[in-house]
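Take a look at the model below.

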Amino acid sequence: GSAWFYFYSSKPPLGLGFTSEFLGTVNVVGSVCNLAAVVLFQTFLKKTAFRPLLIWGTLISTALGLSNLLLVFHENRRWGIPDTVFCVGESAVQSVVGWV
């Protein structure tokens with residue numbers, strides 16, 4: 001939403017100061033990972049029972065949804081992960097789990 005866009009694009013200390021080009025790159029990475037997730041599902045998970053996929057997908061999505069808080073509180077920096085790398089990785093993983 002607009003609050004995340006403000007946080008991503010505002011200059012520190014209020015935000016992360018990402019450029020519009022970088023935010024576009026994050027969207028492209030997410031889209032490519034969406035396509036990879038569709039291929040993954042069609043190749044390996046197509047015949048898997050629905051209930052376990054739903055349960056595990058929900059649990060993993062919930063945990064990943066909370067990973068945004070790590071970015072807000074700069075825990076990733078304490079772990080030595082730059083904001084840009086964390087943001088791209090988070091987008092990629094959330095895209096895959098969301099489609100699977």
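Helices (H or I, at least four residues) and strands (E, at least two) are DSSP runs, numbered from the N terminus. Read along the sequence, this chain runs α-α-α-α-α. That is five helices and zero strands. Along the principal axes, the C-alpha atoms fill a box of roughly 50 × 25 × 25 Å.

A word on the source. The model is predicted, so local features need pLDDT of at least 70, side-chain atom pairs count only at pLDDT 80 or more, and totals for chains, interfaces and linings use all residues. Residues are numbered from 1 along each chain as its sequence is written, and side-chain values use heavy atoms, with hydrogens and water left out.

Now the helix pairs. Axes are lines fitted to C-alpha atoms, for helices over the stretch in contact, and angles run from 0 to 180 degrees between N-to-C directions. Start with α2 (residues 20–45) and α5 (residues 83–99). Their axes come within 8 Å and cross at roughly 30°. That makes α2 roughly parallel to α5. Here angles under 35 degrees count as roughly parallel, over 145 as roughly antiparallel, 65 to 115 as roughly perpendicular and the rest as oblique. The crossing of α2 and α5 is right-handed. The near helix is turned clockwise from the far one by less than a right angle in a right-handed crossing, and anticlockwise in a left-handed one.

Which residues of α2 and α5 meet? Contact means heavy atoms within 4.5 Å. On the α2 side, the residues include Phe-22, Val-26, Val-29 and Gly-30. On the α5 side, Cys-87, Val-88, Ala-92 and Trp-99 are among them. By class, the contact of α2 with α5 has twelve nonpolar, five polar and no charged residues. In this scheme Ala, Val, Leu, Ile, Met, Phe, Trp, Tyr, Cys and Pro count as nonpolar, Asp, Glu, Lys and Arg as charged, and the others, Gly among them, as polar.

Helix α5 also meets α3. The axes of α3 and α5 come within 10 Å and cross at roughly 160°. That makes α3 roughly antiparallel to α5. This crossing is left-handed. Its contact includes Ile-60, Leu-64 and Leu-71 of α3, and Asp-83, Phe-86 and Glu-90 of α5. The residues of the contact of α3 with α5 divide into seven nonpolar, six polar and two charged.

Next comes α1 (residues 2–9), which pairs with α3 (residues 50–72). Their axes come within 12 Å and cross at roughly 35°. The crossing of α1 and α3 is left-handed. Trp-4, Phe-7 and Tyr-8 in α1 meet Asn-68, Leu-71 and Val-72 in α3.

Ring pairs link Trp-4, Phe-7, Tyr-8, Phe-18 and Phe-22. Rings of Phe, Tyr and Trp (its six-membered ring) pair if their centres lie within 6.5 Å; planes under 30 degrees apart count as stacked, over 60 as edge-to-face and the rest as tilted. By this rule there are five aromatic pairs.

A few local details remain. The whole structure has two salt bridges, each a side-chain nitrogen of Lys or Arg within 4 Å of a carboxyl oxygen of Asp or Glu. One of them joins Arg-78 to Glu-75, with the closest N and O atoms 2.5 Å apart. Both residues lie in α4 (residues 75–78), three residues apart, about one turn of the helix.

Most residues other than glycine have a negative phi, and most peptide bonds are trans. His-74 has a positive phi, near 60°, and lies in the loop between α3 and α4. The peptide bond from Pro-12 to Pro-13 is cis, with omega near 10°. Pro-13 is found in the loop between α1 and α2.
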